[in-house]
Structures are given as C-alpha cells and as structure tokens.
Amino acid sequence: MALPNRLKHLVPAALLLAALQFLVFSPVVHYQFLKYDDDVYVYENTKIQKLTAESVAWMFAKPHYRSYTPLTLLSHAVDYKLFGASPWGHHLSNVVIHSMNTVLVFLFGLMLFRRFRLMDHPDGPQFSGAQADPPDTPAIIGAFVAAALFSLHPTRVESVAWVSDRKDLLFALFTLPSCMAYLRYTTLRGTQPAILWYLVSFVFFILAVLSKSIAVVLPAVLILFDLLIQRRPRGGTTWQQLIFEKVPFLMVSGAFSILAMNAARGSQLSDIVMKFTPLQNALHPFYSIMFYPAKLLWPLHLTPVYPPPGEMLMIAAAVICIGLTVMAIVAARKGHTWWLLAWASYGIT
C-alpha cells in the first residue's frame, strides 16, 4: 500500500532519525546504574518496586527526593515490573523515549517551518493540517537537521544514559505534543474542531508537569506563540480572549508551582552559590542562560558538576546574552520573529 503523497518523504525521514538515535545510544543498555540518584529513584526505592494501587497512590500523594514527579516515578515502577533490577531494561526505556522525542522534534520543526513560511506570504493558503500541501524539501531538510542535532548532540547523553534523569525525557515527550496541538488549535481557533486540539494540548501539558515541574512555564511559551507566530488574533478573537483561554493552563501552573516549592522545602543552596558576591548573584542568571548555547557550540569537558565561573566570564556572558536579546528583538521588529521566539522560549524554560 503506497503512502499518501504528503507522507512519502516524512515517514522515511522520521524513521531514519529514530534509527540513527537508537544506533548511537543503544550501547547504554550495557551500562550499570549510577550511585548518583539512580539509587534514590530506582534500585533502592522500595516504593516503585511493587506496582500496586497503594504504591501508585503514594507516588501522586507525596513528593519524593525534594521533587514532585509522580509520572516519572510511575514510569520507573513500570520498568521495575518489566525488568526488575536489571539496568539494561531501564536504559532501553530511556533510549526508546528519546527516539520518540527525536521524531516529535522533527514534526514540530516542520510545523514551525510551514507556519513561518505562510507568515512571509500572508496571501498564501492557510495551514489546514492533513489537507495542506506537503512540506517542501527545504523544510524537511531543516527539520531533519534540527532533530538530528537535538538527538545526537553530546549534551543529550546525560538525559539518555542516566536512568534517573528520565524526567527530562518525559518532559519533552509531553511538552512537544502540547505545543504542536496548540499550534494546530491556533489555526482552527473559532471553529468546533479547535476545542479538541485545545483539550489535547491541555492534557499533554498536565502530563508534562506531572513528569517535571519545569513544565509550569509552558503557558508563557504558548503566549509567545500567539505574539510571535499568530501576531494578530483570528476569527474576531481579541487579545483579552487569548489571555483568558490560558487560564486553565495558568491555574495548573500555579498549583504545580506550589507543589514543587513545597517539595523542595529544606533544600540548600550549593556551596558554590552560597559563596557568590552580590554582583555574581546578579550576573549568574545571564551566565546560566549562556552556558548551554556555549556547550552546544563547544561540547567539551562535560561533567555532572562544574566549577564556579570567574567574574569576568560571568560579565562576558551577560554582555553576550543582552546583545543576543537586542538582536532578536530588532529582527522581530523587522518581521523575522522566529529568532525571538526561539531565544525567548529557551530563556523562559
């Protein structure tokens, strides 16, 4: 049976990405657990070693290890039910989830490429999902390269090869579909089918915050979608209505933020941060934002814990961060809003 024309290039590209990722990361199934949170979350955590109604209730009722991540704990419990204390199965689950995330990044990239292309040609056809023309070759290549970079970059090793960092993988697994469903919703806003896509986005958002609390910032990213992709409300929708429709998302964010803060109560600042001067405390957020792009471009000397940066390095990071922000804003004012969307979304998360 032949694939529809709009899928004949997408399916092979997605399968190739998943296969490449699996090939590169498959050696982790031979690794052992780390005595670096893996003990607390998995092989010494008696609460996840029996998958019962009582244990599941505990996962959702109680924070664990200064965090509230019940869905992540449930995934570890399912793994323990399937594989017991054998590390290979737990590692395999991480690799499979990362393969799924790679495909999601590819599809999300295609959606963004097409939306921005239509913004550049406002008189062109509206994006309508299955009825739309197949993405052109540059869009497929661009999305493929982005997904491959995300999937195979050395900075992804921590999330995939470290069993107890499963929360990162699940966060992506649910956040990406939430964003994709919301983009679909924005194209149909004001119609009956739009309600379904809104609900899909909302459900995946809840699953994301149940996996990792950082997902509480997603409503801010969705507002960026409205500001920088939508640009103007459609179908008679006002900006006040756009904000109002985020109320369910914001309520969930508020509730889970409180849960996360309560779970983290009693945590102490690291010795490094406690020794910062007031100037260093002010500069540290800029350094943190620039740290990951630096490792993206120069992924050497990766380690779980890094030494404190020097003050001059922090000042340089702040100057670059502010400069990039100004450049993104200037580009957005000229109509090239994708730079600001990418930079602001990254900064928020």
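Trainee: How many disulfides does the count come to?

Mentor: This is a predicted model, and the count comes to 0 disulfides. A pair of cysteine sulfur atoms would have to lie within 2.5 Å to be counted.

Trainee: Are cysteine 179 and cysteine 321 buried or exposed?

Mentor: Cysteine 179 is buried, because its relative accessible area is 5%, under the 20% limit. Cysteine 321 also has 5% relative accessibility and counts as buried.

Trainee: Now the fold. How many helices and strands does the protein chain have?

Mentor: The secondary structure comprises 16 helices and 0 strands. Of the 349 residues, 43% count as buried.

Trainee: What share of the contacts comes from residues 24 or more positions apart?

Mentor: Such pairs account for 76% of the contacts in the protein chain that have a separation of 6 or more.

Trainee: And what does the surface consist of?

Mentor: The protein chain exposes about 18,800 Å², and carbon and sulfur atoms supply 71% of that area.

Trainee: What does phenylalanine 225 touch, setting aside residues up to four places away in sequence?

Mentor: Its partners are Phe108, Cys179, Tyr182, Leu183, Gln230 and Leu341.

Trainee: Let us move to helix α14. Where does phenylalanine 291 lie, and is it buried or exposed?

Mentor: Phenylalanine 291 lies in helix α14, which covers residues 278-297. With 16% relative accessibility, phenylalanine 291 counts as buried. Its C-alpha atom is separated by 9.9 Å from that of methionine 314, which is 23 residues away along the chain.

Trainee: Which residues is glutamine 280 in contact with, leaving aside neighbours within four places in sequence?

Mentor: Glutamine 280 is in contact with Lys275, Glu311 and Met314. Glutamine 280 is also in helix α14.

Trainee: What follows helix α14, around histidine 301?

Mentor: Histidine 301 lies in the loop between α14 and α15, the latter spanning 311-333. Its phi is near 55°, a positive value in a residue other than glycine. Histidine 301 is exposed, because its relative accessible area is 69%, over the 50% limit.

Trainee: Where does tyrosine 65 lie, and what is its phi?

Mentor: Tyrosine 65 lies in the loop between α3 (53-61) and α4 (70-83). Its phi is likewise positive, near 55°. Tyrosine 65 is partly exposed, with a relative accessible area of 34%.

Trainee: What of tyrosine 80?

Mentor: Tyrosine 80 is placed in helix α4 and counts as buried at 15% relative accessibility. Beyond neighbours within four places in sequence, it is in contact with Val42, Ile48, Gln49, Ala85 and His90. Tyrosine 80 and tyrosine 43 are 37 residues apart in sequence, with their C-alpha atoms 8.6 Å apart.

Trainee: One more helix, α6. Is alanine 139 buried or exposed there?

Mentor: Alanine 139 lies in helix α6, residues 137-152, and is buried at 7% relative accessible area. It touches Leu110 and Phe113, not counting residues up to four places away in sequence. From C-alpha to C-alpha, alanine 139 and arginine 117 are 9.3 Å apart, although 22 residues separate them in sequence.

Trainee: And leucine 149?

Mentor: Leucine 149 also lies in helix α6, but it is partly exposed at 46% relative accessibility. Together with Leu296, Leu297, Trp298 and Leu300, it makes a nonpolar surface patch of about 560 Å².

Technical notes. Residues are numbered from 1 along each chain as its sequence is written. This is a predicted model: local features need pLDDT of at least 70, side-chain atom pairs count only at pLDDT 80 or more; totals for chains, interfaces and linings use all residues. Side-chain values use heavy atoms; hydrogens and water are left out. Buried means under 20% relative accessible area, exposed over 50%, partly exposed in between (1.4 Å probe, protein chains only). Helices (H or I, at least four residues) and strands (E, at least two) are DSSP runs, numbered from the N terminus. Contact means heavy atoms within 4.5 Å. Patches are made of residues with over 30% relative accessible area and no salt bridge: like charges are joined within 9 Å, nonpolar side chains (Val, Leu, Ile, Met, Phe, Trp, Tyr) within 5 Å. Accessible areas come from the Shrake-Rupley method with a 1.4 Å probe; for residues, only the protein chains shown count as cover. A salt bridge is a side-chain nitrogen of Lys or Arg within 4 Å of a carboxyl oxygen of Asp or Glu.
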